[in-house]
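Subject: Two-chain model for you to look at

Hello,

Here is the structure I said I would pass on. Please open it beside this message, as the notes below go through it piece by piece.

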Amino acid sequence: MSYEPGYAGLGERLALRDLIPSPRHAAAIWVRNARVFSKLWKGALLPTFLDPFFYLLALGFGLGTYIAHGINGIPYKEFVAPGLIASAAMWSAAFETTYNVYFRMNELRLYDNVLSTPIEPQDLVAGDVAWSATRATVYGIVVLIVVAAVGLVSSPWAILIPPFVLLGGLCFSVIGYTFTSLIPKIDLYSYFFTLGVTPMFLFSGIFFPFNQLPGWVEVVAWFTPLYHMVEITRGMATGPEAASILIHTAWLAVVTALLFPVPVRALRARLVP
Amino acid sequence: MSANGDVGPAVLARRLAKSYGSRVAVDGIDFEVPAGICFGFLGPNGAGKTTTMKMIYGLARVGEGELRVLGMDARRERRQIKARIGVVAQETNLDGDLTVRENLVQQASYFGIGAATASPRVDDLLAFSLLTDRGGDRVHALSGGMKRRLMVARSMVNDPELIVLDEPTTGLDPQARLAVWRSLERLQRRGVTLLLTTHYMEEAARLCDRLLIMDEGKIVTEGQPGALVGEHVGREALELELADDCDPAALLATIGERADGHELHDGALTLFADDAEELLRSLDHDRFPTESAMVRRATLEDVFLRLTGRSLRE
């Protein structure tokens, strides 16, 4: 396999000062990405907002008609809808931190310029991840507004969903960024999407619950971020239990924090050899 | 503008070396770039120029030895160094999704300069690079020369004391190159230290107060452009196209010490001397027939080819 120029694997261990981002410098990266998004969203990105609604129509309103008794006492449409808030955020973060970051880094060589200013790799990763999570939240909020407007949200707690989507967005983004910083070739994204994102989308409890399935399915699902995200959004939309929300929130926060140093290391090794 | 005159050289390298895996890119070089001058790095492809520049502007870690930029240690004080220098990379890496003006405003934000402070400076930079009426255009719409001028303008947003330019005019037409040269000359007059790499000898001769030639990771020679020509090839060159029945070895034997040196390549013989006219007259044209003979001034190109050879570097 031929590697992209500069591919450097995981890189070496870094001192703490090379891992902790400077908020001011990370913010400059966030602003750059937001500036570009604000130009593009009305054009090229518009269809990406529609994705979740096709699933809602086909499965919630289509297939759901045949699920007469709903699931766990909830009408099927209402069961599916909050999960789509979570998955919209996941898809947004997955695309942003794979193809978009890859092109900025390897094709446009924008990071070469950025890293020859006072911005350091940890600021760059933090700014990109924060932006990606912001964008994911925007997508999640769009779905939230629509499903609430058509009456698929039964609990007022749903108003608190956006900050949790932001946290989930951070988690998805760090995972996507880690993959991007470690892959030697763009072709490998097919593995990320086909073996990672798509199965997660289908098997994280958005479309069916785990209680009728063998126990190991839920165990596997527990290790995926989308499962926790869906549990939070569905809980908030249908009536939350504090303990459950807390556990899922902690899972997302811990994974995000533990994983963050990996792309920082890999990016530094790759771009500052 | 440049306030570092009292803290020594803009760049100081001692036994500086850098390898990528088993490939040695820079092989223990020493040099000093005095503040306020234009300093050139010449050398064939793969000589180690770009790696040296990248170590200076923070895109390659220092391998071995010592590297100080504006008095700071390039290993430990990357962020502080980068805050005070400007970079024009070899590859054009402007932000294509942004306009010309936004590229400069965005670059300023990377230096912590807010939009309000940046705005008048951006106006100045657009005027400086003759892009005032293109401020609202997407970068894609610019010609190659305009993109290069914007790269130079972008390197100035933080009012740097030192600007590193890696092949700033490669691929430009003569007019565009001239425009870049003019902007660099204006920077020089403002007292900014310029450090540039180039393949173009006339560029080096025109812009650089001092230069060095690198080959295979090492420094081959260093000095003022004019002095280097005098030292290595003499003042003039005599170019002879030898006839088929002319024996170059015998010809060179009769010339002996009268030439300061020579280059022989496929029947084309270049002789260097302080008075090439005189040397031409003294040759035995019956014994050593030539197709053509031309006397010209010796140039930096002669020095370069003499020291780094004529074989292709891929």
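**Helix 6 and helix 9 of chain A**

In helix 6 of chain A, the residues A:I161, A:F164, A:G168, A:C171, A:F172 and A:I175 are in contact with A:P225, A:M229, A:I232, A:T233 and A:M236 of helix 9 of chain A. By class, this contact has 9 nonpolar and 2 polar residues, and no charged ones. Please keep in mind that this is a predicted model.

Two packed helices are described by the angle between their axes and the distance between the axes. Here helix 6 covers residues 161-182 of chain A and helix 9 covers residues 225-238 of chain A; their axes come within 10 Å and cross at roughly 175 degrees. An angle over 145 degrees counts as roughly antiparallel, and helix 6 and helix 9 of chain A are therefore roughly antiparallel to each other.

**A:L259**

A:L259 belongs to helix 10 of chain A, which covers residues 242-259. Leaving aside residues up to four places away in sequence, A:L259 touches A:V174, A:I175 and A:T178. A:I175 is also one of the residues through which helix 6 of chain A meets helix 9 of chain A. The C-alpha atom of A:L259 is separated by 8.7 Å from that of A:C171, although the two residues are 88 residues apart along the chain. Is A:L259 buried, exposed or partly exposed? There are 16 other C-beta atoms within 10 Å, so A:L259 is partly exposed.

**The chains as a whole**

Chain A has 11 helices and 0 strands. The radius of gyration of chain A is 19 Å, close to the 19 Å that the globule rule gives for 273 residues, so chain A is as compact as a globular protein of that length. Its C-alpha trace spans about 60 × 40 × 35 Å along the principal axes. In chain A, 48% of the 273 residues count as buried. Of the contacts in chain A with a separation of 6 or more, 83% are between residues 24 or more positions apart.

Chain B has 11 helices and 14 strands. The C-alpha trace of chain B spans about 75 × 45 × 35 Å along its principal axes. Of its 314 residues, 43% are buried. For chain B, 72% of the contacts between residues at least 6 apart in sequence join residues at least 24 apart.

**Where the chains meet**

The contact between the chains takes 21 residues from chain A and 24 residues from chain B. On the chain B side, the elements that give two or more residues are helix 2 (78-84) and helix 3. Helix 3 of chain B gives the most to that side, with 5 residues. The chain B side divides into 10 nonpolar, 7 polar and 7 charged residues.

Just after helix 3 of chain B, B:G112 has a positive phi of about 75 degrees.

Regards

Key
Residues are numbered from 1 along each chain as its sequence is written. Chains are lettered from A and ligands numbered from 1 in the order in which they are written. This is a predicted model: local features need pLDDT of at least 70, side-chain atom pairs count only at pLDDT 80 or more; totals for chains, interfaces and linings use all residues. Helices (H or I, at least four residues) and strands (E, at least two) are DSSP runs, numbered from the N terminus. Two residues are in contact if their C-beta atoms, placed from the backbone, lie within 7 Å. Ala, Val, Leu, Ile, Met, Phe, Trp, Tyr, Cys and Pro count as nonpolar, Asp, Glu, Lys and Arg as charged, and the others, Gly among them, as polar. Axes are lines fitted to C-alpha atoms, for helices over the stretch in contact, and angles run from 0 to 180 degrees between N-to-C directions. Angles under 35 degrees count as roughly parallel, over 145 as roughly antiparallel, 65 to 115 as roughly perpendicular and the rest as oblique. The radius of gyration is taken over C-alpha atoms; the globule rule is 2.2 Å times the number of residues to the power 0.38. A residue is buried if 20 or more other C-beta atoms lie within 10 Å of its own, exposed if 12 or fewer, and partly exposed in between; C-beta atoms are placed from the backbone.
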